[in-house]
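Have a look at the fold, then read on.

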Amino acid sequence: MSEAEELLTTPAEWDLPPERHRHFKDVLMQQIDQDQRQDLSVGTPARTPVRPSARRRFVRPAVLVPLASAALAGALLVTLSVDGTAPATGTTPSATAGGASVTLNRIATAAMASDAIRVRDDQFVYVRTLERSNTGDFSGPVRLGALHTEERWTSQDPRPLRVTGWLRSSGKDAIMPGRLGPIESTDPVPEGVFHPTYRWLASLPIDPDALLARLYKEARPVEGESRDQAVFSLIGDLIGGAVMPPANAAAFYRAAAKLPGVREIPDAVDAAGRHGIAITLDDTGFATRDEWIFDKQTLALLGSRFYITDPDRGITTEALAGTSAVMETAVVDAKGEVPARTASR
């Protein structure tokens, strides 16, 4: 089985690390280019699979089945510049470790005061983000691609599902612009960290110590990654891609505040150019680092940034390898449906 075929058959419940995602993406992109050249040479339509996210934070690692593509151009909703420079881990003068716990508890208090949103089992959680990801070769330096839009619909059906959600991308670097593709696994995925329904999230402990103990059991560290880093990444996945009761959201932030190594960065910029406070975790044994970015006034989640180091690729200091901005989160009744304010734009 080729690596491209492996990507299309890997179960969604496998928690692939960011480096593995990037490797698969590069292999898949090479295979796509080759297939397109072959298809064009014989005059047949090119087959373009949906591209999985190049980084793990804020989205569940998943395999997206290939669909036929008409290669239609998608409209980019927002175009903003973003600073691609990255401070090295631990070298930002104003970054503080003690302040992170205080800030996370402030964020938890704000989350607790937010309005509750009820979600039915037959509905979908809709998240629209702006994204920039690495388009460079796996063996070479990082090259951030163009800003583009991703929309995800996560099924809230608590039953084990093979199709746990749907994805649509638009913009210059979208692989299947404007096309709606399923997020599918080879085997049914029960509700849980890889199928995070409102019902499941609401069932989690709201005591931060009990929740943290649960997350340590759920997280799956990869080679070179500490258990603390795996839990930090798992929390980031869940807070950015799901809707949950305010008490549960607050518990996630209070649990994160207890992780050793969490650090605050007073100023960070998301993919939409918005400045905020960042929370990160330093893990010297792992060559990747995530940042969660929050609004300085409202403390609402703005987005994230993702950094890598890889001396084998000539990346000896931290390089920004991905950035996102959460533009809208809502609950809708069907896949492909968008909130009315988005549809009217």
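## The sheet and a helix on it

I279 sits opposite W292 of β9. Strands β8 (residues 275–281) and β9 (residues 288–294) run antiparallel and are joined by four bridges; two strands pair if DSSP finds at least two bridges between them. This is a predicted model, so local features need pLDDT of at least 70 and side-chain atom pairs count only at pLDDT 80 or more, while totals for chains, interfaces and linings use all residues. Residues are numbered from 1 along each chain as its sequence is written, and side-chain values use heavy atoms, with hydrogens and water left out.

Zoom out and you get an open, antiparallel sheet of nine strands, ordered β6-β5-β4-β3-β11-β10-β9-β8-β7. Helices (H or I, at least four residues) and strands (E, at least two) are DSSP runs, numbered from the N terminus. The edges belong to β6 (180–189) and β7 (262–269), each with a single partner strand, so one side of each has no neighbour in the sheet. From one strand to the next, the twist averages 25 degrees. Packed on the sheet is α6, which touches β3 (124–133), β4 (148–155), β7, β8, β9 and β10 (301–310); contact means heavy atoms within 4.5 Å. The direction of α6 makes about 40 degrees with that of β9.

## Two partners for α7

Helix α3 (residues 98–112) and helix α7 (residues 246–257) have axes that come within 8 Å and cross at roughly 175 degrees. That makes α3 roughly antiparallel to α7. Axes are lines fitted to C-alpha atoms, for helices over the stretch in contact, and angles run from 0 to 180 degrees between N-to-C directions. Angles under 35 degrees count as roughly parallel, over 145 as roughly antiparallel, 65 to 115 as roughly perpendicular and the rest as oblique.

Helix α5 (residues 208–218) packs against α7 at about 75 degrees, with the axes 8 Å apart, so α5 and α7 are roughly perpendicular. On the α5 side, the contact uses P208, L211, L212 and L215; α7 brings A251, F252, R254 and A255.

## The largest pocket

How many residues line the largest pocket? There are 27, with S114, I239, A242, L301 and T329 nearest its centre. A pocket, on a 1 Å grid over the protein atoms alone, is an open set of points where a 1.4 Å probe fits, with protein on both sides within 12 Å along at least five of seven lines; lining residues have an atom within 4 Å of a point. β11 gives the largest share of this lining, five residues.
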